[in-house]
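Here is a friendly walk through one model, with a look at its rings, its core and its confidence. Have the sequence and the 3D view open as you read.

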Amino acid sequence: MKFDQRTIEKMEPIAKECIGDTNKEGNLQCGKCIAVCKMLANFKVTPKIHFTKILETNEVDPMLPYSCNMCYDCTRVCPKKLDLREAFQSIRKDLVKENAGSSPIKKHRGIEMHQRLSFSSLFNTTQEDKKANGSQIKPVRRVFMPGCSLPSYKPELVESILKHLQDKLPGTASVLKCCGKPTYLLGQEDLFHERYARLQDEFDATGADEVIVACQNCYNMVKEYSPNQKVVSLWSLLQEIGLPEASLGVGKGSNLTFAIHDSCPTRFVPEIHHGVRWIMTELGYNIEELEKSKENTTCCGMGGMVGAANFSLAKEVMTERTSQASSQHMVVYCASCRDAMLMGGKKALHILDLIFGETYTCSHFFPTKPYNPLINWKNRFKAKKYIEKVYNSNKRSDQHE
């Protein structure tokens, strides 16, 4: 196949500078990336050998780039700071171009359908809160974007956190729409930009200059592709505006300890890590800090759309991650990470479950399997209706006043 020049420029430094090779005695030199990456360990070849071969032959097995979790852990430990993630992503883009705009992996058809539905009006809504009009507060200065995975998990949590945001930050609007990260990860570059432009139109229509996100992937995408808006993580924002009063100390009577799993897309955003731990302290639950946490966190296994292309590898990553926790209970701030923890054999809750739920103890029932796609889409539709209900209720309240 023909690689784009930008792809070659991303591969060449790895082929030339990677020191992960064997010496005269046949022993591996360096290998730090292989030590932290299940994918590299499974393919049993160093990045230097991988990329040298690709450059020499102009051929690549699509399963290689599509098995990368895109978690950046390899670059974090690399003495040369070589960026394998960007090289694999660039290869994905070239593979899509060679395949008439679609991924060459047949199992990605489900993701492509997911993205078509995610940008369908059936599951999207943009709502503005006019209640703040006429006050000194700038109307619709902020917009809340719950993302995809949280509405698919529990739409009632979307409603609850939205009400809290409106209570603390009057005039907050809401945009229920995908950021397009799955499209981007498949390598469908043109389609991603087309879809993201539609999301940007929604931001601009509200007049918002700040986007509050609940999803870590959304955090990165909005930060990169919406330069006119400031992106704020919900998990750091809550430390500023406070939790609902009813949730304070709710976990003090619990006999559970929750191991915190940090999401890898925001491994280098310490204010999110601090915010999550502040929330757990305010709730009163005991926590377990994993050795690999915060900046050094391990991918849950869902990253890079690997679960669709190479599920056996994804399952290995999930199981390894959950094995790092002593507690049988884990707390996450990404609903997809929660699914991964379940598949890895743990009992897991989203942090919003703890904020808006009762006191969780060992006597509670904890689901052991993720929802099926049908339930996820039903929940996405419910989330849309719940959001619209919140704003319709505000309008009625404003009319009565």
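## Aromatic pairs

How many aromatic pairs does the structure hold? The structure holds 11, where rings of Phe, Tyr and Trp (its six-membered ring) pair if their centres lie within 6.5 Å, and planes under 30 degrees apart count as stacked, over 60 as edge-to-face and the rest as tilted. One of them joins Tyr 196 and Tyr 225: the centres are 5.7 Å apart and the planes stand at 55 degrees, so this pair is tilted. It links distant parts of the chain, 29 residues apart, with Tyr 196 in helix 11 (residues 189-206) and Tyr 225 in helix 12 (residues 216-225). Helices here are DSSP runs (H or I, at least four residues), numbered from the N terminus.

Tyr 196 is buried at 4% relative accessible area, whereas Tyr 225 is partly exposed at 22%. Buried means under 20%, exposed over 50%, and partly exposed in between (1.4 Å probe, protein chains only).

## Confidence and conventions

This is a predicted model: local features need pLDDT of at least 70, side-chain atom pairs count only at pLDDT 80 or more, and totals for chains, interfaces and linings use all residues. Residues are numbered from 1 along each chain as its sequence is written, and side-chain values use heavy atoms, without hydrogens and water.

The mean pLDDT (the predictor's confidence in each residue, from 0 to 100) is 93 for the chain. Over residues 133-137 pLDDT stays under 50.

Technical notes: Helix = DSSP H or I, 4+ residues; strand = E, 2+ residues; numbered from the N terminus. Contact = heavy atoms within 4.5 Å.
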